[in-house]
Amino acid sequence: MDIIQNCEVTGFIKDGNRVTGVRTNRGTINAGKVALCAAGHSSVLAKLAGFDLPIQSHPLQALVSELHEMVHPTVVMSNHVHVYVSQAHKGELVMGAGIDSYNGYGQRGSFHVIEHQMAAAVELFPIFARAHLLRTWGGIVDTTMDASPIVGKSPVENMYVNCGWGTGGFKGTPGAGWSFAHTIANDEPHALNQPFSLERFVTGALIDEHGAAAVAH
Ligand SMILES: Cc1cc2nc3c(=O)[nH]c(=O)nc-3n(C[C@H](O)[C@H](O)[C@H](O)COP(=O)(O)OP(=O)(O)OC[C@H]3O[C@@H](n4cnc5c(N)ncnc54)[C@H](O)[C@@H]3O)c2cc1C
């Protein structure tokens, strides 16, 4: 396997409805099969390939405090006040919550969301009120209407999609990678990811797992 860094996909080469290659800013790559897994930019790339994805892209922020003694050896998550708090091995408190509500590709979020996360964290743990916030960061998450990923075939022949992980794509990685590899190799979804097809947004067989999928950690 080759990982080519700083190489932007700018388009796809197709023979009729079959993908045969990828155009990049560093030249063309011919390919028998193409797997699309660009997270927050999945719908941008799908558009280049000629189809729409039912994805909304939103900013999501997380933040860490300065280093502290180890006092919090677990993850606590509250859907009531809406925050999660864990402590990294080095000692930073790691906190986050929900997405910024607007659509966008700017990798930064709104200040009031950070303020809300901090207020919720202090409501759960008043002892952390004196912890200083060290840094925040934001990324783009690809959300679907049933808060579940899309892992399967696309409307373009020999092109496969793995996206829609929203705020929970780390934790799904082993299962997603395995079932996606099976789908690409066999040109058919595995039984595990069969319900997570793109067609469910046409048939209406959505996955009612919002509470399980739409949360961090
Ligand atoms: C602040 C924040 C906190 C999060 N917290 C959690 C958490 O606690 N638990 C959890 O499970 N998940 C969490 N997530 C979600 C998780 O980070 C993502 O779901 C996961 O990283 C997606 O992995 P991926 O491999 O699908 O995509 P990515 O790791 O995003 O990789 C996609 C790649 O595609 C590249 N790309 C995009 N467009 C192009 C193009 N045109 N050409 C070439 N390359 C392109 C991007 O540069 C990127 O490298 C969080 C996300 C954010 C933003």
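A pocket here is an open set of grid points, each a place where a 1.4 Å probe fits, with protein on both sides within 12 Å along at least five of seven lines. The model shown in every view is predicted.

**View 1. The largest pocket and its centre.** The largest pocket holds about 780 Å³ of space. Its lining is made up of 31 residues, of which V141, G166, T167, G169 and F170 come closest to the centre. Sorted by class, the lining of the largest pocket has 17 nonpolar, 12 polar and 2 charged residues.

**View 2. Elements and domains around the largest pocket.** Strands β5 (56-67), β8 (92-99), β9 (133-143) and β11 (159-163), together with helix α3 (173-186), each place at least two residues in the lining of the largest pocket. The most comes from β9, which supplies 6 residues. Both domain 1 (9-55 + 145-213) and domain 2 (56-143) contribute at least three residues to the lining of the largest pocket.

**View 3. The second largest pocket.** The volume of the second largest pocket is about 550 Å³. It is lined by 18 residues, and V9, V22, I29, V34 and A35 are the closest to its centre. Two or more lining residues come from each of β1 (9-15), β2 (18-24) and β4 (34-36). Strand β4 has the largest share of this lining, with 3 residues. The lining of the second largest pocket consists of 15 nonpolar residues, 1 polar residue and 2 charged residues.

**View 4. Residues around the ligand.** The ligand is surrounded by 22 residues, with V9, T167, G169, F170 and K171 the closest. Of these, T167, G169 and F170 are also among the residues closest to the centre of the largest pocket, while V9 is listed among those closest to the centre of the second largest pocket.

View 5. A nitrogen atom of the ligand lies 2.7 Å from a backbone N or O atom of V9. The ligand taken alone exposes 1,000 Å², and 65% of that is buried by the protein.

Key:
Residues numbered from 1 in each chain as written. Predicted model: local features only at pLDDT ≥ 70, side-chain atom pairs only at ≥ 80, totals over all residues. Heavy atoms only, no water. 1 Å grid on protein atoms, 1.4 Å probe; cavity = no way out; pocket = protein on both sides within 12 Å on 5 of 7 lines; lining within 4 Å. Points joined across faces, edges and corners; volume = space filled by probe spheres on them. Helix = DSSP H or I, 4+ residues; strand = E, 2+ residues; numbered from the N terminus. Nonpolar A, V, L, I, M, F, W, Y, C, P; charged D, E, K, R; others polar. Domains from an automatic or database assignment. Near = heavy atom within 4 Å. Polar contact = N/O pair within 3.5 Å; in protein donor to acceptor, adjacent residues only side chain to side chain. Areas by Shrake-Rupley, 256 points an atom, 1.4 Å probe, with all protein chains shown as cover.
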